[in-house]
Amino acid sequence: MLLKLLALGYPIDEVIFFKIGVDFNCININAEKMKKILKDKGIQFTILEPKDPFIWCMTEKPVAKRDGTHQCGYKWCGGCTRWGTTLKLDAIKENNKKYGDEMIVEYVGIAADERHRIDRKRNGNRVKLYPLVEWGMTEKDCLEYCYSQGWHWNEEGYELYDLLDRVSCKYCNNKNLKELRNIYHFLPNVWQELKELQDKIQMPFRGDKTIHDLETRFISEDSQMTIEEFLKEV
Ligand code: SF4
């Protein structure tokens, strides 16, 4: 969305990058690349970070439970417990305070095939615009546009969108089985980090399965598959 907004000359005062602290490396590399482009165009590039470190919130932060006791951390983020989204929204809200009562027009990168996520409600002095929806660009169109402009998400030698349906946070538990299987096979460092986090988090990662259960499953699958079958799945 940002690339096309720039190409079409839409007015932009500030670009916000929320650095959540658990991003894939390629996200930070691309942010640096964009930072230079924006600097040349005289557009402010603002990096926001969560008030408390993501991993601390996930594994250690004392969190009050309904029964009056406390648990360590919010645990995995995703599904209906997207506490990481709250960290992001809080940081943006804080950043917006510098604009006082001025009207803020936000461009939101929701694609034409995810219209159900659109929120047209006006929120105080904030108005949201959805350029990708207006241009009729689906998620697939957007990815093709990025590739055609020389933008890639290269992680440990792999194009991340070949491995994942969505590039979310590294440890997002919205990941489906195919994505987890690909992380296990192709991004061993991330898989190792997931295992180490699982040792600290008393909550399964997917359904009733922990990361260790999933690893057992993938090892078992590998021992049953032929190479040809495996390559077909990738
Ligand atoms: S992408 Fe996943 S882990 Fe990251 S904030 Fe959103 S729900 Fe949480």
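## Basis of the description

Helices (H or I, at least four residues) and strands (E, at least two) are taken here as DSSP runs, numbered from the N terminus. The structure is a predicted model, in which local features need pLDDT of at least 70 and side-chain atom pairs count only at pLDDT 80 or more, while totals for chains, interfaces and linings use all residues. Residues are numbered from 1 along each chain as its sequence is written.

## Overall architecture

The protein chain has eleven helices and eight strands, and its C-alpha trace spans about 55 × 55 × 30 Å along the principal axes. A residue is called buried if 20 or more other C-beta atoms lie within 10 Å of its own, exposed if 12 or fewer do, and partly exposed in between, with C-beta atoms placed from the backbone; buried residues make up 17% of the 234 residues in the protein chain. Two residues are in contact if their C-beta atoms, placed from the backbone, lie within 7 Å. Among contacts between residues at least 6 apart in sequence, 55% join residues at least 24 apart.

The protein chain is divided into domain 1 (2–165) and domain 2 (166–234), with bounds that come from an automatic or database domain assignment. The C-alpha centres of domain 1 and domain 2 lie 25 Å apart, and 20 residues of domain 1 are in contact with 19 residues of domain 2. On the side of domain 1 that touches domain 2, the largest share, three residues, comes from helix α7 (residues 160–163).

By class, that side of domain 1 has eleven nonpolar, four polar and five charged residues. In this classification Ala, Val, Leu, Ile, Met, Phe, Trp, Tyr, Cys and Pro count as nonpolar, Asp, Glu, Lys and Arg as charged, and the others, Gly among them, as polar.

## The ligand shell

The ligand is surrounded by Cys77, Gly78, Arg82, Gly84, Thr85, Ser168, Cys169, Cys172 and Asn174, where a residue is near a molecule if its C-beta atom, placed from the backbone, lies within 6 Å of it. By class, this shell has three nonpolar, five polar and one charged residues. Both domain 1 (2–165) and domain 2 (166–234) give residues to the shell, so the ligand lies between them.

## Helix α4

In α4, Gly84, Leu87 and Ala91 are buried. They cover an arc of only 55° around the axis, which puts them on the same side of α4, the arc being that of the directions from the helix axis to the C-beta atoms. An α-helix has 3.6 residues a turn, so residues three or four places apart point the same way.

On the other side of α4, Leu89 and Lys93 are exposed, whereas the buried residues of α4 pack against β1 (14–18), β2 (44–48) and α3 (54–59). Ala91 is buried because 20 other C-beta atoms lie within 10 Å, and, leaving aside its neighbours within four places in sequence, Ala91 is in contact with Phe18, Leu48, Glu49 and Pro50.

## Helix α9

The buried residues of α9 are Leu194, Leu197 and Gln198. Seen down the axis of α9, these buried residues fall within an arc of 105°, so they line one face of the helix.

What covers the buried residues of α9 includes α3 and α10 (211–224). On the other side of α9, Pro188, Asn189, Gln192, Glu196 and Asp199 are exposed.

## Individual residues

Lys75, in the loop between β4 (70–72) and α4, has a positive phi of about 70° although it is not a glycine. Lys75 counts as buried because it has 21 C-beta neighbours inside 10 Å. Glu156, in the loop between β7 (154–155) and β8 (158–159), is likewise a residue other than glycine with a positive phi, here near 50°. With 14 C-beta neighbours inside 10 Å, Glu156 counts as partly exposed.

Trp56 lies in helix α3 and, with 12 C-beta neighbours inside 10 Å, counts as exposed. The C-alpha atoms of Trp56 and Trp153, which are 97 residues apart along the chain, are separated by 27 Å.
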